[in-house]
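Dear colleague,

Please find the structure below. My notes on it follow.

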Amino acid sequence: MSAEKPTQITGARFIAESFSQLGVSHVFFMDAMLRPTLVEMEELGISRILAHSEKSAAYMADGYARVSGRVGVCMAQSVGAANLAAGLQDAYLHRAPVVALTGRKEPMLRYRNAYQEVPHTPLFASVTKASMDISEAREIQHLLPQAFREAADGSPRPVHLDVSGLGGEIIEGGAIENAVLPPAELGQLPKHRPQASAEAVQAAALTLSKAERPVFVVGAGAIQAEAHAELAALAEKLSIPVATSLGGRTIIPTTHRLHIGTVGTYSAPPANALVSEADLVIYVGCHAGDQPTNNYTVPAQGTPIIQLDLDGQEIGRNYPNVTPVWGCPKRALADLVKRVEAHNEWVDWADYVGKTVSAWRDEMEPLCQPGDGTIRVEHLCREISEALPENGVLVADTGYSGIWSATMIELPHAGQSYLRAAGSLGWAFPASLGAQCGAPDRPVVCFSGDGAFYYHLTELETQKRWNIPVVTVINNNSGFGQGTPKVASFYDGRAGGNPDEINRFGPTDFAAVARTMGVEGVRIEDPADLGPALRKAIAARKPVLIDVVTDIHPRAPEAWSPPVE
């Protein structure tokens, strides 16, 4: 299409061709939304993944976006818009680029008690960067590119387009004159980002040169900027230990001699303690919210900070005494490595950190071995660590799944990725299906608890229908393990009562459920069967669910907190 030659195209065809131009390989949706557009997409080779709930569709688009670096697309008709908005919360919190399209009934039905219709646009306000209305077809060629531009640029986050018609049919049927397709580069995270000023980098170098015990705390922003090599080069040259947020895992291999581990509320004890001992913390692409800072206590308030971030609004948001470096983390790290030389005391500090982390690993080693007939979660994590291929993607749920995977699963290879729920229980399974669509040549393993898996187990049928070769591992302990001790403590001193009613359920044989839906299901109750089953399932490259029966009582590692003065 060109502006030089008059042409006319339907809204449906324009949307489909735009998606193709933007590199959208999969669209995740609930019926009945943009049906004519979906028909047009088939001709262009775009896969149309019909989900079983709007939240699942949003989670799939989120997983797709995180692993691929491209904008994910999800859609739902008017009555499902509220559910779709709820599903965008995780993408918003993690900063994933997603475009969500919803329909709304035509203007003549507003304020007239239209069936299934509520004003749903306000529901998107807190989970998107922007929410835009499209009332007529000719607006699409301006607002669709803008939605992709805003979703991916700067600090990525979801954008919402609300189109006229219950399922967008008014927009689809309209004509667009002289349509011009969006630039292809808008479909992915930008390759060219603003560069931090030389003055800011020099100020950071000066601050760093004065430190005796510096540490990095690296977040998802560094992963999105593909700053892996630059971070490793700087850390290794200067012997500076590296801690990460959950979203920053795999910026360097977890077995690297400088890797401290995940810091914050989902942390193994040494990581928080070591970051607290640092006299300078260098945040790289990390928002320093309550989770990676253990409720703003690690590091202590007043600790000198260098903060490298593409989003200037995040620099200094939660800590004072910050040396700001506003710009692309990848470029800033590459510039900083040229301006700082290693100090002898940094080598001693790194050695101390390494010995502390190694001692904790040695302490945990006996728990990672096969038990006496029961399966410990530590052993499950060890088997996943050893089975995940060098280019594997691990997708973990929140709650105990997040803590176990962040503390006990090793990701030793540079080509591995870790995607985590940013807070929405049940996110991991649909997100893993989306991640596999976004990275079809990489093995994807989903790690979920049974409480999380119940949310969206219907997507087993979606997995089977599309033959999506995710291996789903269920830590099946028949309850919400994370809250079990706390619930029990509330019953202390009470006669009678049944705490199990609050957070226990099942038991359920998820392997049998999977087989009912056409997915291979394997039930594991013997520790000796676990490793072979995992390796066989991953090698098969087909849909498999492994239902691992564990005890609810073993506790995941608990984060260290500074003593209360």
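**Aromatic rings and one buried threonine**

One aromatic cluster is formed by Phe429, Phe453, Tyr454, Phe480, Phe505 and Phe510. Please keep in mind that this is a predicted model.

Across the whole structure, the search finds 10 aromatic pairs. In one of these pairs, the ring centres of phenylalanine 28 and tyrosine 64 are 5.8 Å apart and the planes stand at 65 degrees. The pair is edge-to-face because that angle is over 60 degrees. Phenylalanine 28 belongs to strand 2 (residues 26-29) and tyrosine 64 to helix 3 (residues 54-68), so the pair links distant parts of the chain, 36 residues apart. Phenylalanine 28 and tyrosine 64 are both buried.

Two arginines are placed over tyrosine rings. Arginine 157 lies over the face of tyrosine 92, with 3.8 Å to the ring centre. Arginine 249 has its charged end over the ring of tyrosine 418, at 5.0 Å from the centre.

The other residue I looked at is threonine 407, which is found in helix 15 (residues 400-408). Is threonine 407 buried or exposed? Its relative accessible area is 9%, which is under 20%, so threonine 407 counts as buried. The side chain of threonine 407 comes to 2.7 Å from the backbone oxygen of isoleucine 403. Setting aside neighbours within four places in sequence, threonine 407 is in contact with Tyr266, Ser267, Ala268, Trp360 and Pro557.

Regards

Methods: Residues are numbered from 1 along each chain as its sequence is written. This is a predicted model: local features need pLDDT of at least 70, side-chain atom pairs count only at pLDDT 80 or more; totals for chains, interfaces and linings use all residues. Side-chain values use heavy atoms; hydrogens and water are left out. Helices (H or I, at least four residues) and strands (E, at least two) are DSSP runs, numbered from the N terminus. Buried means under 20% relative accessible area, exposed over 50%, partly exposed in between (1.4 Å probe, protein chains only). A polar contact is a pair of N or O atoms within 3.5 Å; within protein, one must be able to donate a hydrogen and the other to accept it, and residues adjacent in sequence count only if both atoms are side-chain atoms. Contact means heavy atoms within 4.5 Å. Rings of Phe, Tyr and Trp (its six-membered ring) pair if their centres lie within 6.5 Å; planes under 30 degrees apart count as stacked, over 60 as edge-to-face and the rest as tilted. A charge sits over a ring if NZ of Lys or CZ of Arg is within 6 Å of the ring centre and within 35 degrees of the ring normal.
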